[in-house]
Amino acid sequence: MRRLAEARQPLWRKLPVPSSQINPYRIVIVLRLVVLCFFLRFRIMTPANDAIPLWLVSVICELWFALSWILDQLPKWSPVTRETYLDRLALRYDREGEPSRLSPIDFFVSTVDPLKEPPIITANTVLSILAVDYPVDRNSCYVSDDGASMLCFDTLSETAEFARRWVPFCKKFAIEPRAPEFYFSQKIDYLKDKVQPTFVKERRAMKREYEEFKVRINGLVAKAEKKPEEGWVMQDGTPWPGNNTRDHPGMIQVYLGSQGALDVEGHELPRLVYVSREKRPGHNHHKKAGAMNALVRVSAVLTNAPFILNLDCDHYVNNSKAVREAMCFLMDPQLGKKLCYVQFPQRFDGIDLHDRYANRNVVFFDVSLHPLTPSINMKGLDGIQGPVYVGTGCVFNRQALYGYDPPRPEKRPKMTRAAGSWGSTRSGARRISSAAGRRRGRTGSSSAGTSWRRSRRG
């Protein structure tokens, strides 16, 4: 009875920032506002009579900047944080020994030029997605190659093969983060909280296999830098359809998720799909938004998961339970139907903390820092109505993007007894109803404690 009562509890709660932390910040805002009012009064009451036009222009500019500053401070007045309860989510939708009832989710990864966006980084992003702590039959990864590059195609092929060993290794030893490049480069005690005696041996073997995987990817990159005059040719001897990047048919390749695509331990792997949308001359379809629209349509045919999470190719999931945290909001019985998206904060690797231009990314996106810093932008917007969409690391409700309801599960046939025998009634076919008039999302939510991490090289 206690577990049943626990399962009925809310999946998340909103926590205001303590007054001892936010009130000093509010006092500073009020003091600045008072000083600003005195300054503007002085500027208006003391005109420059010998240069009235210049004085008028300067006063207008100062008023405009003052208004911009005030509008920027209003969202920071009431920041909030959100706390999720993954144990309650598991009790309600993912009980041990029962089929999981967690909602399926489609991951979208976008890339354009693999020579500018290193394929090894894209591979790490895909590997971190395939290894997330989520039911494999409810997790699909779609990679959009808007450059129709054979290098990206071959990289995903190698990534799918390496994932057969990497995914079970991560889940067996609860590895964090689950991007191999960043896991093996961590300067921490990797033996902490590890009790299985085979961990050191298997980790050493996995690191060796990853180094071999990097060598194969680097070999593909070196080969791609010298394009043949007649264009690329696939292994079966046919020309690569994407030799002309601005005039080629659409290409779709499913690497994992089909029958026989199992890991080294015989377990099923999440679906991995390569997509390169059709390109024709005379059409301006070379932007990221168009690539995302193509992924929405392709995924609607293959999996049609009710939720979509988009990532840039240089992002990776640094918390394997991030998807479950998003589901605490999107699958909430009361709030879930009203949500359009859940926006996660970002973290950045390899940033020079002394670079004022690179550090701005941390200031804006990193909402988990001290609340008295400018990093409360997203938390402040969340306290009003919802954070803004920052272009990546966002879980969308498909209905808000595509205009169709997610597929409904088929009802179990009812058993009826007649004339001393058991029979069953036929279940009706699934019906997808249109929701074209309900595309506008009502609010957004930001999940605290989880993020997507962006790698930066340079």
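This is a predicted model: local features need pLDDT of at least 70, side-chain atom pairs count only at pLDDT 80 or more; totals for chains, interfaces and linings use all residues.

A: Residues are numbered from 1 along each chain as its sequence is written, and side-chain values use heavy atoms, without hydrogens or water.

According to an unreviewed UniProt entry, the feature "binding site" falls at Ser-110, Lys-116, Glu-117, Asp-146 and Lys-287. Such annotations may be inferred rather than shown by experiment.

Asp-146 occupies the loop between β4 (139-145) and α6 (150-173); helices (H or I, at least four residues) and strands (E, at least two) are DSSP runs numbered from the N terminus. With a relative accessible area of 8%, Asp-146 is buried (buried is under 20%, exposed over 50%, partly exposed in between, with a 1.4 Å probe and protein chains only). Apart from residues up to four places away in sequence, Asp-146 touches Thr-111, Val-112, Arg-277, Lys-279, His-286, Lys-287 and Ala-291, where contact means heavy atoms within 4.5 Å. This set includes Lys-287, another of the annotated positions.

Lys-287 belongs to the loop between β6 (271-276) and α9 (288-302). Lys-287 counts as exposed, at 52% relative accessibility, whereas Asp-146 is buried. Once neighbours within four places in sequence are set aside, the contacts of Lys-287 are Asp-146 and Arg-277. Arg-277 is also on the contact list of Asp-146.

Tyr-142 lies in strand β4, and its relative accessible area of 0% makes it buried. The C-alpha atoms of Tyr-142 and Tyr-274 are separated by 6.0 Å, although these residues are 132 residues apart along the chain. Beyond residues up to four places away in sequence, Tyr-142 touches a set that includes Phe-107, Phe-108 and Val-109, Val-273 and Val-275, and also Leu-295, Val-298 and Leu-302.

The whole structure holds 17 salt bridges, each a side-chain nitrogen of Lys or Arg within 4 Å of a carboxyl oxygen of Asp or Glu. One of them joins the side chains of Arg-43 and Glu-62 (3.0 Å, N to O). Because Arg-43 lies in helix α2 (residues 19-45) and Glu-62 in helix α3, this pair ties together parts that are 19 residues apart in sequence. Arg-43 is buried at 18%, while Glu-62 is partly exposed at 22%.

Asp-133 pairs with Arg-324, their closest N and O atoms being 3.7 Å apart. Asp-133 sits in the loop between α5 (119-130) and β4, and Arg-324 in helix α10 (residues 322-330), so the bridge links parts 191 residues apart in sequence. Here Asp-133 is partly exposed, at 23%, and Arg-324 is buried, at 11%.

In helix α6, Glu-161 and Arg-164 are three residues apart, or about one helical turn, and their side chains form a salt bridge (3.4 Å, N to O). Glu-161 is partly exposed, at 39% relative accessibility.
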